[in-house]
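Hi,

Here is the structure I promised to pass on. My notes follow below it.

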Amino acid sequence: MERKVEEGQEENHTLQFPLLTPYKLGNFQLSHRIVLAPLTRQRSFNNVPQPHAILYYSQRTTKGGLLITEATGVSDTAQGYPHTPGIWTKEQVEAWKPIVDAVHAKGGIFFCQIWHVGRVSNQGFQPNGQAPISCTDKPLTPQLRSNGFNVAEFSPPRRLSTDEIPQVVNDFRLAARNAMEAGFDGVEIHGAHGYLIEQFMKDQVNDRTDKYGGSLENRCRFALEIVEAVTNEIGAHRVGIRLSPFANYMESVDSNPKALGLYMVESLNKYGILYCHMIEPRMKTVGEISECPDSLLPIRKAFNGTFIVAGGYDKEDGNKAVANNHADLVAYGRLFLANPDLPKRFELNAQLNKYHRETFYTADPVVGYTDYPFLETTA
């Protein structure tokens with residue numbers, strides 16, 4: 001049932017809740033500005049999305065709400081975690097279709113985040129046990145997993161030769177085409193968090209001496225070739241990109257993150273892509289907010305498209321970001337994971353469910369996945 005609100009009340013409501021105001025995202029009419037962030041859930045067995053994802057994504061769908069899938073591999077070399085989905089085979093495309101249909105049936109807008117992990121992998125995830133590919137042959141040191149118990153071991157990567165790079169660019173193009181075949185509204189290119197695209201972009205990782213290394217322009221070339229290939233394939237109005245210039249995830253650090261962020265958005269303007277989704281400088285590592293003098297505002301001002309921010313936002317922060325024009329949309333990860341009806345809870349100022357970090361990456365198709373309660377079922 002639609003709420004009837006007097007004009008004055010509606011204006012007051014808008015001032016109080018900027019996150020709940022409508023927004024036109026290119027050809028898509030959003031009813032609010034709360035975005036489901038891409039969240040790795042590790043429940044796609046054999047890299048094939050499973051039927052339980054239908055419920056998971058549809059639970060978090062609102063009419064006119066934007067959802068971004070978990071990171072989805074573009075090829076058989078793109079994998080670095082157990083049970084993550086792909087979109088490079090016919091079987092995977094077919095498996096995505098009912099998930100996309102469920103989101104569309106509830107009026108949601110659904111983008112597929114496409115990625116390649118690069119050196120954040122080991123031979124166990126690679127075809128024929130080969131070395132993971134990267135811009136470099138510098139290995140990644142073992143990392144403590146997010147659950148705080150397991151240590152992830154990474155195999156030394158193999159440096160891609162100059163003439164191999166177009167094939168990887170083409171993998172992204174084909175993944176974008178497959179996403180359209182599956183019915184998605186668009187794709188988000190994952191250029192953040194220390195994965196392959198960011199490995200090329202950041203000068204503390206990229207030690208190449210060819211046209212993909214050295215200068216800022218050269219280091220960003222790979223990312224922009226992917227953007228160009230994907231926009232040519234499916235149209236700029238269906239393309240977004242996620243970037244994290246200030247972060248140091250997976251030892252991907254840059255000596256001048258401001259220059260990197262500005263160069264990227266100014267270059268992206270030439271392609272006219274739909275949106276840029278950027279991680280706040282305060283999120284240096286996964287899940288930890290740190291004090292940081294840097295701001296995304298200059299980058300936001302330089303970018304012509306829709307600007308989405310992510311990184312440790314709560315309701316108040318998100319409302320402020322939109323009210324102060326620091327962002328058009330705000331992506332929520334852990335809060336949306338634990339609160340499938342997050343927009344409604346924000347609107348009603350309702351209590352939020354607590355998330356359970358220990359079940360983020362279990363393979364269980366229900367626990368920590370589709371069993372977080374809605375408002376109606378909370379005591």
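First, a convention: a helix crossing is right-handed if the near helix is turned clockwise from the far one by less than a right angle, and left-handed if anticlockwise. Please keep in mind that this is a predicted model.

By that convention, helix 2 and helix 3 make a right-handed crossing.

Now the contact itself. From helix 2, the residues involved are Ala53, Ile54, Tyr57 and Ser58. They meet Trp96, Pro98, Ile99, Ala102 and Val103 in helix 3. Sorted by class, this contact has eight nonpolar residues, one polar and no charged ones.

Next, the aromatics. The count comes to 15 aromatic pairs, taking ring centres within 6.5 Å. The ring centres of Phe110 and Phe184 are 5.0 Å apart, and their planes sit at 55 degrees, so the pair is tilted. Phe110 and Phe184 link distant parts of the chain, 74 residues apart. Phe110 is in strand 6 (residues 109-115). Phe184 is in the loop between helix 4 (165-182) and strand 11 (186-191). Are these two buried or exposed? Both Phe110 and Phe184 are buried.

Finally, the two topics join up. Phe110 and Phe184 belong to one aromatic cluster with Tyr56, Tyr57, Trp96 and Tyr369. Tyr57 and Trp96 are also among the residues in the contact of helix 2 with helix 3.

Best wishes

Notes: Residues are numbered from 1 along each chain as its sequence is written. This is a predicted model: local features need pLDDT of at least 70, side-chain atom pairs count only at pLDDT 80 or more; totals for chains, interfaces and linings use all residues. Side-chain values use heavy atoms; hydrogens and water are left out. Helices (H or I, at least four residues) and strands (E, at least two) are DSSP runs, numbered from the N terminus. Contact means heavy atoms within 4.5 Å. Ala, Val, Leu, Ile, Met, Phe, Trp, Tyr, Cys and Pro count as nonpolar, Asp, Glu, Lys and Arg as charged, and the others, Gly among them, as polar. Rings of Phe, Tyr and Trp (its six-membered ring) pair if their centres lie within 6.5 Å; planes under 30 degrees apart count as stacked, over 60 as edge-to-face and the rest as tilted. Buried means under 20% relative accessible area, exposed over 50%, partly exposed in between (1.4 Å probe, protein chains only).
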